[in-house]
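I opened this entry to look up pockets and nonpolar cores in one model. My notes follow in the order I took them.

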Amino acid sequence: MKLKKNIVLKTENLSIGYQQKKQDKIVFSNINLSIEKGKLVTVLGKNGIGKSTLLRTLSKVQKPISGTILLNDKNLNLYSEKELSTQLSLVLTERLPESQLTVFELIALGRQPYTNWIDKLSEEDIQKVNTAISQTEIAHLKNSRFYELSDGQLQRVLIARAIAQDTQIIILDEPTAHLDMHHTIKIFSLLEKLVKETSKTIIISSHEVNLSIQLSDEIIMFTNDNLCTGTPGKLIEENAFDNLFSQDLVNFNKTLKQFVVKKI
């Protein structure tokens with residue numbers, strides 16, 4: 001007997017884009033996704049193809065052009081801002097405003113949906129913050145000012161803030177964009193570990209195709225004229241990666257399960 005999938009986020013005939021000179025500019029249309037609980041899902045595609053637009057639309061930062069988004073079978077439009085912030089947390093690539101906040105205080109901001117009107121942290125709030133710090137292995141940084149951190153350290157802190165928010169879905173827009181290979185692998189490994197330990201659903205956009213193939217449970221891949229979804233193994237079998245990049249410079253090697261640079 002097949003187990004019923006626990007779908008936490010679903011789109012139906014979704015068109016994404018933005019307004020340009022009072023006209024709808026469609027970036028991608030007819031997007032039909034079903035994202036399961038407890039999966040690491042990576043969104044892949046070339047620059048400007050719609051990865052960030054999709055994540056911003058799924059998290060209600062911007063409106064869809066048309067179509068429906070369902071979060072736990074409820075239309076996303078019916079969620080209040082406060083209600084949504086207990087279901088879904090978001091880590092964008094935008095720079096943080098200047099402040100004197102310590103790492104602990106920045107992570108504690110993730111508890112805002114639950115704190116009382118004077119923003120006093122309860123014992124439970126403090127426990128959630130400390131758990132997030134432990135899970136992201138940044139206890140040695142908790143009293144540092146956040147502006148003193150490296151990009152890799154700050155990315156872990158922002159992930160910890162999203163964990164402290166205690167939502168079942170975490171969405172991250174290119175969390176490794178400014179990191180070297182060592183820190184990129186550490187962030188991917190951290191996200192994979194968090195999914196296994198917490199059963200949260202984590203959705204990220206990335207240019208790290210080879211790492212995504214190795215570590216993701218599911219991939220959503222934009223190509224010029226299509227949207228492919230499935231496990232890395234399924235997409236490899238369907239030769240879906242052949243259409244991701246121009247084959248002038250790189251080829252997808254099915255045996256190695258990764259892209260390799262063509263020798264000139």
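A pocket, for this entry, is an open set of grid points where a 1.4 Å probe fits, with protein on both sides within 12 Å along at least five of seven lines. I note that the model is predicted.

Entry 1, largest pocket. I looked up its volume and found about 450 Å³ of space. I then listed the lining, which has 24 residues. Glu94, Arg95, Leu96, Asp151 and Leu154 lie nearest the centre of this pocket. By class I wrote down 12 nonpolar, 6 polar and 6 charged residues. I also checked which element gives the largest share of the lining; it is α5, with 4 residues.

I sorted the lining of the second largest pocket into 6 nonpolar, 5 polar and 3 charged residues.

I turned to the largest nonpolar core and found 35 residues in it. Ile107, Ile138, Ile159, Leu172, Leu191 and Ile202 have the most contacts inside this core. I went through the elements that supply at least two residues each: the helices are α3 (103-108), α4 (123-135), α5 (151-164), α6 (181-198) and α7 (209-215), and the strands are β8 (169-173) and β9 (201-205). Here too I recorded α5 as the source of the largest share, 8 residues. Apart from this core lies another, of 26 residues, and I noted Phe28, Leu55, Tyr79 and Ile171 among them.

Which residues is Ile107 in contact with, leaving aside neighbours within four places in sequence? I listed Val129, Ala132, Ile133, Ile138, Val157, Ala160, Arg161 and Ala164. Of these, Ile138 is also on my list of residues with the most contacts inside the largest core.

I located Thr176 in the loop between β8 and α6. Is Thr176 buried or exposed? I have a relative accessible area of 6% for Thr176, and the cut-off for buried is under 20%, so Thr176 counts as buried. Not counting residues up to four places away in sequence, I found that Thr176 touches Thr184, Ile187, Phe188, Ser206 and Glu208.

Note on methods: Residues numbered from 1 in each chain as written. Predicted model: local features only at pLDDT ≥ 70, side-chain atom pairs only at ≥ 80, totals over all residues. Heavy atoms only, no water. Core = buried A, V, L, I, M, F, W, Y, C linked by side-chain atoms within 4.5 Å. Buried < 20%, exposed > 50% of the residue type's maximum accessible area, 1.4 Å probe, protein only. Contact = heavy atoms within 4.5 Å. 1 Å grid on protein atoms, 1.4 Å probe; cavity = no way out; pocket = protein on both sides within 12 Å on 5 of 7 lines; lining within 4 Å. Points joined across faces, edges and corners; volume = space filled by probe spheres on them. Nonpolar A, V, L, I, M, F, W, Y, C, P; charged D, E, K, R; others polar.
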